[in-house]
Amino acid sequence: MNKLTSRIDKERLLLGIAAPLLAVVAALVVTTLVILATGKNPGDAFSDMVTYGFASDSQVYILNKATTYYLAGVAVAIGFRMNLFNIGVDGQYRLAAFIAAVLGGALTVPGWLAIPLIILCAMATGALWAAIAGILKVTRGVSEVIATIMLNSIATAVIAYLLQPGKLGQLDQAGTLVSTKPLPSSSYFFSFDTGPAGELWGFIVIAVLVGVAYWFVLGRTRFGFDLRTVGQSETAAAASGVGVKKMIATSMIISGAVAGLIGMPTLLNDSHQFSNDFPAGIGFTGIAIALLGRNHPIGIALGALLWGFLERTTNHLEFQGYDKEILGVIQGVIVLCVVIAYEVVRRYGLKRQQQRVGAELAAQAAAPTKKQEVA
């Protein structure tokens, strides 16, 4: 039996390596065919992407983007581990960033106090907005997908109404941008000066801490075990004494709290105000990144870096004469290839494991029969 376990472990390792390799190869092949279909040379495109993507200023840009994308991926992954589809991350982070920006612009306290208050306000707003969907699910059985889609629309409408001149918004001198009151300079988050490459946002430190907390809580605590158990089987979790409804609501709240952090790198390190051109759609990007990373903190980080790399390099390709839609095609192809590759490898691994266990059990059952014949 020990030999069987060892062989299964080796196969799992090989299959774990095979899945991402298969996904990368498939994505490269499909992307190559797409670029060829546009009449361009894929070799030149890939070479240009690598050269431009590893320039010093591009590396800073990618890390800054990856900081935001990583937080989005973790927020979505928390729901995924619970078997919940929190599609409302987009509305949660935008509403949280808006409320936090309003609060930050009104505060007159020192920066060392204002920054934590802004961050906590954003997390609380995101958590409360996500809690609505969680409560509806556990009390009325409303699908979290439907509830969060509706909440996204409501969040957009609330922001659009409040972000008007005369309410919580103000018009700039050019008359083209409506924004909240800017944060005072004392409320700016720290950044790392990398010289000509630009500034690396200090919020990357918070993103790392969030990733460590995500790994520890879900993988090393009783709460994380209960959460994963409910995600795999609500019936089994309930039979073992886990409060299923409580875990569902709690998971949605935690996911929303992390979602509240998504807009903070932009607010505290870049724009210092919420305006009508504040980044949107990052919540949906987080879904793709969580799928790419298989809900693992390191995998999500790699997915966020890949997304930032693709965004930086494919935007550059547009100036080289390539179609601007290439970015969307490559991103979609990569997500599909990763999901399909992992599912194919998972099914193959499960089949191989069943065959090996069956063969081992059959061999053990045949052994006593042979001994009796000899006797």
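**Close-up views of a predicted model**

**View 1. Leu306 and its partners away in sequence.** Beyond its neighbours within four places in sequence, Leu306 is in contact (heavy atoms within 4.5 Å) with Leu292 and Ile334. Leu306 sits in helix α13, residues 297-319; helices here are DSSP runs of H or I with at least four residues, numbered from the N terminus. Leu306 is partly exposed, at a relative accessible area of 30%, where buried means under 20%, exposed over 50% and partly exposed in between (1.4 Å probe, protein chains only). Look also for Ile62: its C-alpha atom is 8.5 Å from that of Leu306, although 244 residues separate the two along the chain.

**View 2. Thr148, a buried residue of helix α6.** Helix α6 covers residues 144-162 and includes Thr148. Thr148 has a relative accessible area of 1%, so it counts as buried. The Thr148 side chain comes within 3.2 Å of the backbone oxygen of Val145. Setting aside neighbours within four places in sequence, the residues in contact with Thr148 include Phe85, Asn86, Gln92 and Met252.

**View 3. Leu33 on helix α1.** Here we turn to Leu33, which belongs to helix α1, residues 2-37. Leu33 is exposed, with a relative accessible area of 52%.

**Notes on the model.** Residues are numbered from 1 along each chain as its sequence is written, and side-chain values use heavy atoms, leaving out hydrogens and water. This is a predicted model, so local features need pLDDT of at least 70 and side-chain atom pairs count only at pLDDT 80 or more, while totals for chains, interfaces and linings use all residues.

Notes
Helices (H or I, at least four residues) and strands (E, at least two) are DSSP runs, numbered from the N terminus. A polar contact is a pair of N or O atoms within 3.5 Å; within protein, one must be able to donate a hydrogen and the other to accept it, and residues adjacent in sequence count only if both atoms are side-chain atoms.
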